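Good morning, everyone. Please have the model open on your screens.

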Amino acid sequence: MNYIERKEYLKQLIQLRGTPDIKVITGMRRTGKSVLMQQYIRYIQTTDPACNIIFINLQELEYDELHEYHALHRFVLDHCRPDKENILIIDEVQLCDKFELAINSLHAKQLFDIYITGSNAFLLSSDLATLFTGRTMRIEVYPFSFAEYCQYKGIEKGSVQDSFDSYVLGGGLSGSYVYKSEKDAYSYIRDVYHTIVLRDLVQKYGIRNKNELQQITEFMMDNISNLLSSNNICEALNKSGSEITRKTVAKYISCLINAFVFYEAKRYDVKGKKYLSQNSKFYISDLGMRYSVLGTRNIDYGRACENIVFLELKRRGYDVYVGKLYKKEIDFVVTRQSEKLYIQVSDIIADEKTFQREVTPLLQIKDAYPKILLANTLHPEYQYEGIRIINIADWLLTP
(Lines give C-alpha, C1' and ligand atoms only; values in the text may rest on other atoms or scores of the structure.)
Protein backbone atom coordinates (compact mmCIF):
# COMPACT_ATOMS: atom_id res chain seq x y z
CA MET A 1 0.00 0.00 0.00
CA ASN A 2 1.18 3.50 -0.83
CA TYR A 3 1.50 6.05 2.01
CA ILE A 4 1.72 9.84 1.99
CA GLU A 5 2.86 12.19 4.72
CA ARG A 6 -0.13 13.97 6.21
CA LYS A 7 1.69 17.21 6.81
CA GLU A 8 -1.05 19.27 8.46
CA TYR A 9 -1.73 16.67 11.12
CA LEU A 10 1.97 16.13 11.71
CA LYS A 11 2.37 19.87 12.11
CA GLN A 12 -0.32 19.90 14.80
CA LEU A 13 1.33 17.03 16.67
CA ILE A 14 4.76 18.67 16.47
CA GLN A 15 3.37 21.97 17.80
CA LEU A 16 1.76 20.17 20.74
CA ARG A 17 4.83 18.16 21.65
CA GLY A 18 5.91 18.74 25.22
CA THR A 19 2.66 20.38 26.35
CA PRO A 20 1.08 18.94 29.52
CA ASP A 21 -2.14 18.01 27.70
CA ILE A 22 -3.22 14.46 26.97
CA LYS A 23 -3.23 14.47 23.16
CA VAL A 24 -6.24 12.54 21.84
CA ILE A 25 -6.24 11.61 18.15
CA THR A 26 -9.83 11.00 17.08
CA GLY A 27 -11.81 10.55 13.90
CA MET A 28 -13.84 8.00 12.01
CA ARG A 29 -12.54 4.47 11.59
CA ARG A 30 -10.01 3.90 8.80
CA THR A 31 -9.03 7.55 8.44
CA GLY A 32 -5.36 6.81 9.09
CA LYS A 33 -4.86 7.58 12.78
CA SER A 34 -2.47 4.66 13.34
CA VAL A 35 -0.41 5.48 10.24
CA LEU A 36 -0.23 9.10 11.34
CA MET A 37 1.21 8.07 14.70
CA GLN A 38 3.82 5.92 12.97
CA GLN A 39 4.81 8.94 10.89
CA TYR A 40 5.07 11.02 14.07
CA ILE A 41 7.29 8.38 15.69
CA ARG A 42 9.59 8.42 12.66
CA TYR A 43 9.77 12.21 12.86
CA ILE A 44 10.81 12.09 16.54
CA GLN A 45 13.33 9.31 15.92
CA THR A 46 14.88 11.36 13.12
CA THR A 47 14.98 14.72 14.90
CA ASP A 48 15.58 13.55 18.47
CA PRO A 49 17.04 10.02 18.52
CA ALA A 50 17.82 10.24 22.26
CA CYS A 51 14.11 10.50 23.10
CA ASN A 52 12.52 7.46 24.81
CA ILE A 53 9.38 6.48 22.88
CA ILE A 54 7.02 3.99 24.51
CA PHE A 55 4.68 2.81 21.76
CA ILE A 56 1.88 0.33 22.46
CA ASN A 57 -0.57 -0.90 19.85
CA LEU A 58 -3.23 -2.76 21.79
CA GLN A 59 -4.46 -4.46 18.61
CA GLU A 60 -1.21 -6.43 18.40
CA LEU A 61 -1.13 -9.82 20.12
CA GLU A 62 2.15 -9.15 21.93
CA TYR A 63 0.37 -6.48 23.99
CA ASP A 64 -2.64 -8.66 24.79
CA GLU A 65 -1.83 -8.81 28.51
CA LEU A 66 -2.00 -4.99 28.67
CA HIS A 67 -5.76 -5.02 28.13
CA GLU A 68 -6.00 -4.82 31.94
CA TYR A 69 -5.33 -1.30 33.20
CA HIS A 70 -3.02 -2.26 36.11
CA ALA A 71 -0.83 -4.22 33.69
CA LEU A 72 -0.78 -1.31 31.23
CA HIS A 73 0.21 1.07 34.02
CA ARG A 74 3.06 -1.20 35.21
CA PHE A 75 4.36 -1.75 31.67
CA VAL A 76 4.62 1.98 30.99
CA LEU A 77 6.36 2.73 34.27
CA ASP A 78 8.79 -0.16 33.73
CA HIS A 79 9.79 1.37 30.37
CA CYS A 80 10.13 4.91 31.65
CA ARG A 81 13.62 6.46 31.51
CA PRO A 82 13.87 9.27 34.10
CA ASP A 83 17.05 10.57 32.43
CA LYS A 84 15.28 11.11 29.06
CA GLU A 85 12.23 12.70 27.55
CA ASN A 86 9.51 10.02 27.64
CA ILE A 87 6.85 10.02 24.95
CA LEU A 88 3.97 7.59 25.48
CA ILE A 89 1.83 6.63 22.48
CA ILE A 90 -1.02 4.14 22.91
CA ASP A 91 -2.95 3.04 19.83
CA GLU A 92 -6.50 1.64 20.14
CA VAL A 93 -6.50 2.52 23.84
CA GLN A 94 -10.16 1.54 24.28
CA LEU A 95 -9.17 -2.14 24.14
CA CYS A 96 -7.87 -1.77 27.70
CA ASP A 97 -10.75 -1.94 30.15
CA LYS A 98 -10.81 1.19 32.36
CA PHE A 99 -7.87 2.63 30.40
CA GLU A 100 -8.70 6.10 31.72
CA LEU A 101 -7.56 5.08 35.22
CA ALA A 102 -4.11 4.14 33.92
CA ILE A 103 -3.84 7.26 31.72
CA ASN A 104 -4.90 9.61 34.52
CA SER A 105 -2.35 8.09 36.92
CA LEU A 106 0.45 8.30 34.37
CA HIS A 107 -0.48 11.86 33.51
CA ALA A 108 -0.45 12.87 37.17
CA LYS A 109 3.16 11.69 37.52
CA GLN A 110 4.26 14.33 34.96
CA LEU A 111 6.81 11.93 33.47
CA PHE A 112 5.27 11.44 30.03
CA ASP A 113 4.18 13.34 26.96
CA ILE A 114 0.99 11.33 26.31
CA TYR A 115 -0.75 10.58 22.99
CA ILE A 116 -3.67 8.17 22.62
CA THR A 117 -5.81 7.05 19.72
CA GLY A 118 -8.98 5.04 19.83
CA SER A 119 -11.88 3.66 17.89
CA ASN A 120 -14.31 6.42 17.05
CA ALA A 121 -17.27 5.08 19.00
CA PHE A 122 -15.27 4.39 22.15
CA LEU A 123 -13.21 7.56 22.48
CA LEU A 124 -15.68 10.30 21.78
CA SER A 125 -15.09 14.01 22.15
CA SER A 126 -18.16 14.09 24.39
CA ASP A 127 -16.51 11.58 26.75
CA LEU A 128 -13.15 13.28 27.19
CA ALA A 129 -14.14 15.66 29.99
CA THR A 130 -15.45 12.81 32.13
CA LEU A 131 -12.76 10.26 31.25
CA PHE A 132 -9.69 12.34 32.01
CA THR A 133 -8.88 14.53 34.99
CA GLY A 134 -6.11 16.32 33.07
CA ARG A 135 -6.57 18.70 30.18
CA THR A 136 -7.01 17.09 26.77
CA MET A 137 -6.18 18.41 23.32
CA ARG A 138 -8.10 16.79 20.49
CA ILE A 139 -6.77 16.32 16.97
CA GLU A 140 -9.43 15.14 14.57
CA VAL A 141 -8.30 13.12 11.56
CA TYR A 142 -10.53 13.27 8.47
CA PRO A 143 -10.58 11.01 5.41
CA PHE A 144 -8.22 12.08 2.62
CA SER A 145 -8.81 15.54 1.20
CA PHE A 146 -8.82 15.99 -2.57
CA ALA A 147 -5.25 17.32 -2.37
CA GLU A 148 -4.18 14.19 -0.46
CA TYR A 149 -6.04 12.01 -2.94
CA CYS A 150 -4.13 13.61 -5.84
CA GLN A 151 -0.84 13.22 -4.00
CA TYR A 152 -1.54 9.57 -3.24
CA LYS A 153 -2.57 8.83 -6.82
CA GLY A 154 0.28 10.85 -8.35
CA ILE A 155 -2.15 13.01 -10.32
CA GLU A 156 -0.60 15.47 -12.74
CA LYS A 157 -1.99 18.99 -12.88
CA GLY A 158 -3.61 18.47 -16.31
CA SER A 159 -5.65 15.50 -15.05
CA VAL A 160 -7.07 17.19 -11.98
CA GLN A 161 -10.64 17.60 -13.23
CA ASP A 162 -11.09 13.95 -14.17
CA SER A 163 -9.60 13.05 -10.80
CA PHE A 164 -12.11 15.30 -9.03
CA ASP A 165 -14.99 13.34 -10.56
CA SER A 166 -13.38 10.10 -9.36
CA TYR A 167 -12.87 11.55 -5.89
CA VAL A 168 -16.54 12.56 -5.67
CA LEU A 169 -17.59 8.93 -6.20
CA GLY A 170 -14.73 7.16 -4.43
CA GLY A 171 -14.28 9.36 -1.38
CA GLY A 172 -11.30 9.69 0.92
CA LEU A 173 -10.97 6.33 2.70
CA SER A 174 -7.53 5.46 1.37
CA GLY A 175 -7.86 1.79 2.27
CA SER A 176 -10.23 1.46 -0.68
CA TYR A 177 -7.63 2.79 -3.13
CA VAL A 178 -5.73 -0.50 -3.31
CA TYR A 179 -8.66 -2.19 -5.07
CA LYS A 180 -8.70 -2.08 -8.84
CA SER A 181 -12.44 -2.40 -9.37
CA GLU A 182 -15.14 -0.04 -8.11
CA LYS A 183 -17.08 -3.05 -6.85
CA ASP A 184 -14.24 -4.16 -4.55
CA ALA A 185 -13.52 -0.61 -3.39
CA TYR A 186 -17.17 -0.08 -2.46
CA SER A 187 -17.22 -3.45 -0.71
CA TYR A 188 -14.34 -2.28 1.50
CA ILE A 189 -16.09 1.03 2.28
CA ARG A 190 -19.37 -0.77 3.00
CA ASP A 191 -17.56 -2.99 5.51
CA VAL A 192 -16.24 0.12 7.27
CA TYR A 193 -19.78 1.51 7.39
CA HIS A 194 -21.22 -1.70 8.82
CA THR A 195 -18.45 -1.91 11.43
CA ILE A 196 -19.10 1.63 12.66
CA VAL A 197 -22.88 1.77 12.50
CA LEU A 198 -24.01 -1.81 13.04
CA ARG A 199 -21.29 -2.93 15.44
CA ASP A 200 -19.49 -0.07 17.21
CA LEU A 201 -22.54 2.10 17.85
CA VAL A 202 -24.78 -0.84 18.71
CA GLN A 203 -22.19 -2.03 21.24
CA LYS A 204 -21.42 1.42 22.66
CA TYR A 205 -25.04 2.50 23.20
CA GLY A 206 -26.78 -0.86 23.59
CA ILE A 207 -29.00 -0.19 20.57
CA ARG A 208 -31.60 -2.93 20.23
CA ASN A 209 -33.15 -2.11 16.87
CA LYS A 210 -30.34 -2.11 14.30
CA ASN A 211 -32.83 -1.74 11.48
CA GLU A 212 -34.06 1.64 12.78
CA LEU A 213 -30.49 2.91 13.13
CA GLN A 214 -29.72 1.79 9.59
CA GLN A 215 -32.89 3.44 8.23
CA ILE A 216 -31.98 6.77 9.83
CA THR A 217 -28.39 6.56 8.61
CA GLU A 218 -29.42 5.85 5.03
CA PHE A 219 -32.10 8.56 5.10
CA MET A 220 -29.48 11.09 6.22
CA MET A 221 -27.07 9.84 3.54
CA ASP A 222 -29.75 10.38 0.93
CA ASN A 223 -30.45 13.89 2.21
CA ILE A 224 -27.01 15.42 2.63
CA SER A 225 -27.19 19.22 2.34
CA ASN A 226 -30.97 19.24 2.91
CA LEU A 227 -32.39 20.92 6.01
CA LEU A 228 -33.36 18.18 8.46
CA SER A 229 -34.61 17.77 12.01
CA SER A 230 -35.48 14.80 14.18
CA ASN A 231 -39.13 15.70 13.56
CA ASN A 232 -39.08 15.57 9.76
CA ILE A 233 -36.87 12.46 9.73
CA CYS A 234 -39.32 10.77 12.10
CA GLU A 235 -42.29 11.79 9.95
CA ALA A 236 -40.64 10.48 6.79
CA LEU A 237 -39.83 7.12 8.37
CA ASN A 238 -43.31 6.83 9.90
CA LYS A 239 -44.84 7.29 6.45
CA SER A 240 -42.81 4.32 5.22
CA GLY A 241 -44.16 2.10 8.00
CA SER A 242 -41.68 2.67 10.85
CA GLU A 243 -42.98 3.27 14.37
CA ILE A 244 -39.85 5.09 15.51
CA THR A 245 -40.30 8.11 17.79
CA ARG A 246 -38.78 11.57 17.47
CA LYS A 247 -36.83 11.02 20.70
CA THR A 248 -35.20 7.87 19.31
CA VAL A 249 -34.35 9.64 16.05
CA ALA A 250 -32.67 12.46 17.97
CA LYS A 251 -30.69 9.92 20.01
CA TYR A 252 -29.49 8.05 16.92
CA ILE A 253 -28.49 11.28 15.15
CA SER A 254 -26.39 12.19 18.18
CA CYS A 255 -24.74 8.74 18.10
CA LEU A 256 -23.87 9.10 14.41
CA ILE A 257 -22.37 12.56 14.96
CA ASN A 258 -20.35 11.32 17.96
CA ALA A 259 -18.92 8.54 15.78
CA PHE A 260 -17.94 11.06 13.08
CA VAL A 261 -20.22 9.47 10.48
CA PHE A 262 -22.02 12.80 10.01
CA TYR A 263 -21.24 16.43 10.81
CA GLU A 264 -23.90 18.99 11.66
CA ALA A 265 -24.05 22.51 10.26
CA LYS A 266 -26.46 24.70 12.22
CA ARG A 267 -28.24 27.71 10.76
CA TYR A 268 -27.23 31.34 11.11
CA ASP A 269 -29.46 34.34 10.41
CA VAL A 270 -27.20 36.69 8.45
CA LYS A 271 -29.47 39.74 8.81
CA GLY A 272 -30.35 39.16 12.47
CA LYS A 273 -26.82 37.99 13.29
CA LYS A 274 -28.03 35.15 15.47
CA TYR A 275 -27.90 31.37 15.48
CA LEU A 276 -31.09 29.45 14.81
CA SER A 277 -32.10 26.35 16.75
CA GLN A 278 -34.52 24.85 14.22
CA ASN A 279 -33.32 22.52 11.46
CA SER A 280 -29.73 21.80 10.47
CA LYS A 281 -27.87 20.31 7.57
CA PHE A 282 -25.92 17.08 7.94
CA TYR A 283 -22.91 16.15 5.84
CA ILE A 284 -21.45 12.67 5.61
CA SER A 285 -17.79 12.23 6.55
CA ASP A 286 -17.04 10.43 3.30
CA LEU A 287 -19.03 10.41 0.06
CA GLY A 288 -17.67 6.98 -0.86
CA MET A 289 -19.68 5.63 2.05
CA ARG A 290 -22.85 7.21 0.67
CA TYR A 291 -22.44 5.72 -2.79
CA SER A 292 -21.27 2.31 -1.56
CA VAL A 293 -24.48 1.98 0.46
CA LEU A 294 -27.07 3.79 -1.68
CA GLY A 295 -25.61 3.19 -5.14
CA THR A 296 -24.65 5.66 -7.85
CA ARG A 297 -27.75 5.79 -10.03
CA ASN A 298 -29.07 9.14 -8.81
CA ILE A 299 -26.02 11.31 -8.22
CA ASP A 300 -26.71 14.95 -7.40
CA TYR A 301 -23.31 16.49 -8.10
CA GLY A 302 -24.35 19.84 -6.63
CA ARG A 303 -25.05 18.31 -3.23
CA ALA A 304 -21.95 16.14 -3.46
CA CYS A 305 -19.80 19.21 -4.15
CA GLU A 306 -21.39 20.99 -1.19
CA ASN A 307 -20.52 18.03 1.05
CA ILE A 308 -16.89 18.06 -0.14
CA VAL A 309 -16.54 21.82 0.43
CA PHE A 310 -18.03 21.51 3.92
CA LEU A 311 -15.47 18.86 4.92
CA GLU A 312 -12.61 20.88 3.46
CA LEU A 313 -13.67 23.93 5.46
CA LYS A 314 -13.67 21.80 8.62
CA ARG A 315 -10.19 20.50 7.76
CA ARG A 316 -8.99 24.08 7.42
CA GLY A 317 -10.21 24.89 10.92
CA TYR A 318 -13.32 26.93 10.14
CA ASP A 319 -16.56 26.96 12.11
CA VAL A 320 -19.22 26.31 9.46
CA TYR A 321 -22.87 27.37 9.49
CA VAL A 322 -25.73 27.40 6.99
CA GLY A 323 -26.73 30.98 6.22
CA LYS A 324 -30.29 32.29 6.14
CA LEU A 325 -31.00 35.67 4.54
CA TYR A 326 -34.68 36.57 4.27
CA LYS A 327 -36.15 33.60 2.36
CA LYS A 328 -32.90 32.70 0.66
CA GLU A 329 -30.12 30.39 1.73
CA ILE A 330 -26.37 30.88 1.71
CA ASP A 331 -24.68 27.51 1.67
CA PHE A 332 -21.97 28.40 4.18
CA VAL A 333 -21.17 31.19 6.59
CA VAL A 334 -17.70 30.34 7.91
CA THR A 335 -15.59 31.91 10.63
CA ARG A 336 -12.05 31.39 11.93
CA GLN A 337 -10.85 33.82 14.60
CA SER A 338 -11.51 37.26 13.05
CA GLU A 339 -11.95 35.85 9.53
CA LYS A 340 -15.38 35.47 7.98
CA LEU A 341 -16.49 34.21 4.55
CA TYR A 342 -19.72 33.64 2.68
CA ILE A 343 -19.64 30.69 0.28
CA GLN A 344 -22.05 29.34 -2.29
CA VAL A 345 -21.45 25.93 -3.89
CA SER A 346 -22.84 24.67 -7.18
CA ASP A 347 -22.06 22.13 -9.87
CA ILE A 348 -22.44 23.75 -13.30
CA ILE A 349 -23.20 27.48 -13.56
CA ALA A 350 -22.94 27.92 -17.34
CA ASP A 351 -26.68 28.54 -17.53
CA GLU A 352 -27.45 32.20 -16.74
CA LYS A 353 -30.49 31.32 -14.63
CA THR A 354 -28.42 28.99 -12.45
CA PHE A 355 -25.64 31.54 -12.16
CA GLN A 356 -28.01 34.27 -11.02
CA ARG A 357 -29.68 31.93 -8.53
CA GLU A 358 -26.31 31.29 -6.91
CA VAL A 359 -24.96 34.84 -6.82
CA THR A 360 -28.18 36.65 -5.83
CA PRO A 361 -28.04 35.71 -2.12
CA LEU A 362 -24.39 36.78 -1.96
CA LEU A 363 -25.16 40.13 -3.61
CA GLN A 364 -27.86 40.80 -1.00
CA ILE A 365 -25.36 40.62 1.87
CA LYS A 366 -24.45 44.18 2.77
CA ASP A 367 -21.29 43.72 4.83
CA ALA A 368 -17.77 43.74 3.38
CA TYR A 369 -16.67 40.21 4.20
CA PRO A 370 -15.40 38.15 1.22
CA LYS A 371 -17.92 36.28 -0.89
CA ILE A 372 -17.09 33.19 -2.96
CA LEU A 373 -18.95 31.02 -5.45
CA LEU A 374 -17.39 27.58 -5.92
CA ALA A 375 -18.50 25.62 -8.98
CA ASN A 376 -17.21 23.34 -11.72
CA THR A 377 -16.39 26.27 -13.98
CA LEU A 378 -13.31 24.60 -15.58
CA HIS A 379 -11.90 28.14 -15.88
CA PRO A 380 -9.35 30.24 -13.97
CA GLU A 381 -10.72 32.33 -11.11
CA TYR A 382 -12.61 35.51 -12.05
CA GLN A 383 -14.82 38.04 -10.32
CA TYR A 384 -18.44 39.09 -10.69
CA GLU A 385 -19.49 42.26 -8.82
CA GLY A 386 -16.95 41.56 -6.10
CA ILE A 387 -17.74 37.84 -5.81
CA ARG A 388 -14.83 35.49 -6.45
CA ILE A 389 -15.85 32.70 -8.85
CA ILE A 390 -13.51 29.73 -8.36
CA ASN A 391 -13.34 26.28 -9.89
CA ILE A 392 -13.93 23.80 -7.04
CA ALA A 393 -11.03 21.50 -7.86
CA ASP A 394 -8.61 24.45 -7.96
CA TRP A 395 -9.92 25.77 -4.62
CA LEU A 396 -9.51 22.36 -3.00
CA LEU A 397 -5.87 22.24 -4.09
CA THR A 398 -5.10 25.76 -2.81
CA PRO A 399 -4.71 25.97 1.00
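Let's begin with the second largest pocket. It is lined by 23 residues. Nearest its centre lie Arg30, Thr31, Gly32, Lys33 and Val35. Keep in mind that this is a predicted model. The second largest pocket holds about 500 Å³ of space. Which helix gives the most to its lining? That is helix H2, residues 33-47, with four residues. By class, the lining of this pocket divides into seven nonpolar, 10 polar and six charged residues.

Hold on to Lys33 for a moment, one of the residues nearest that centre. Now look for Gly241. You will find it in the loop between helix H10 (230-239) and helix H11. The C-alpha atoms of Gly241 and Lys33 are separated by 40 Å. Along the chain, these two are 208 residues apart. Is Gly241 buried or exposed? Its relative accessible area is 59%, over the 50% cut-off, so Gly241 counts as exposed.

Next, the largest pocket. Its volume is about 1,300 Å³. There are 40 residues in the lining, and the closest to the centre are Tyr142, Lys314, Arg315, Arg316 and Gly317. Several elements give two or more residues to this lining: helix H1 (7-16), strand E5 (136-140), helix H6 (146-153), H11, strand E7 (262-269), H13 and strand E9 (319-325). Which of them gives the largest share? That is H1, with six residues. As for classes, the lining of the largest pocket has 15 nonpolar, nine polar and 16 charged residues.

Take Lys314 from that central group. Compare its position with that of Val24, in strand E1, residues 22-26. Val24 and Lys314 are 290 residues apart in sequence. In space, C-alpha to C-alpha, they are 18 Å apart. Is Val24 buried or exposed? Its relative accessibility is 0%, under the 20% cut-off, so Val24 counts as buried.

How many cavities of 30 Å³ or more does the structure hold? It holds one. The largest cavity has a volume of about 70 Å³. Its lining includes Pro143, Phe144, Tyr167 and Gly171. Ser285, Asp286 and Leu287 also line it. So do Asn307, Ile308, Leu311 and Arg315. Helix H13, residues 301-315, gives the most to the cavity lining, with four residues. The classes here are six nonpolar, three polar and two charged.

Last stop: helix H8, residues 182-205. Helix H8 has 24 residues. From first C-alpha to last, it reaches 33 Å, close to the 34 Å expected. Where does H8 bend? At Thr195, by about 25°.

The buried residues of H8 include Ala185, Tyr186, Tyr188, Ile189, Val192 and Tyr193. Further along come Ile196, Val197, Leu198, Asp200, Leu201 and Val202, also buried. What covers them? The cover includes helix H7 (160-170), helix H9 (210-222), helix H11 (246-258) and helix H12 (287-294). After H8 comes Gly206, whose phi is positive, near 60°.

That's the tour. Over to you for questions.

Key:
Residues are numbered from 1 along each chain as its sequence is written. This is a predicted model: local features need pLDDT of at least 70, side-chain atom pairs count only at pLDDT 80 or more; totals for chains, interfaces and linings use all residues. Side-chain values use heavy atoms; hydrogens and water are left out. On a 1 Å grid over the protein atoms alone, a cavity is a set of points where a 1.4 Å probe fits but cannot get out, and a pocket is an open set with protein on both sides within 12 Å along at least five of seven lines; lining residues have an atom within 4 Å of a point. Grid points are joined across faces, edges and corners, and a volume is the space filled by probe spheres set on the points. Ala, Val, Leu, Ile, Met, Phe, Trp, Tyr, Cys and Pro count as nonpolar, Asp, Glu, Lys and Arg as charged, and the others, Gly among them, as polar. The expected span of a helix is 1.5 Å times one less than its number of residues. The bend at a residue is the angle between axes fitted to the seven residues ending there and the seven starting there. Buried means under 20% relative accessible area, exposed over 50%, partly exposed in between (1.4 Å probe, protein chains only). Contact means heavy atoms within 4.5 Å.
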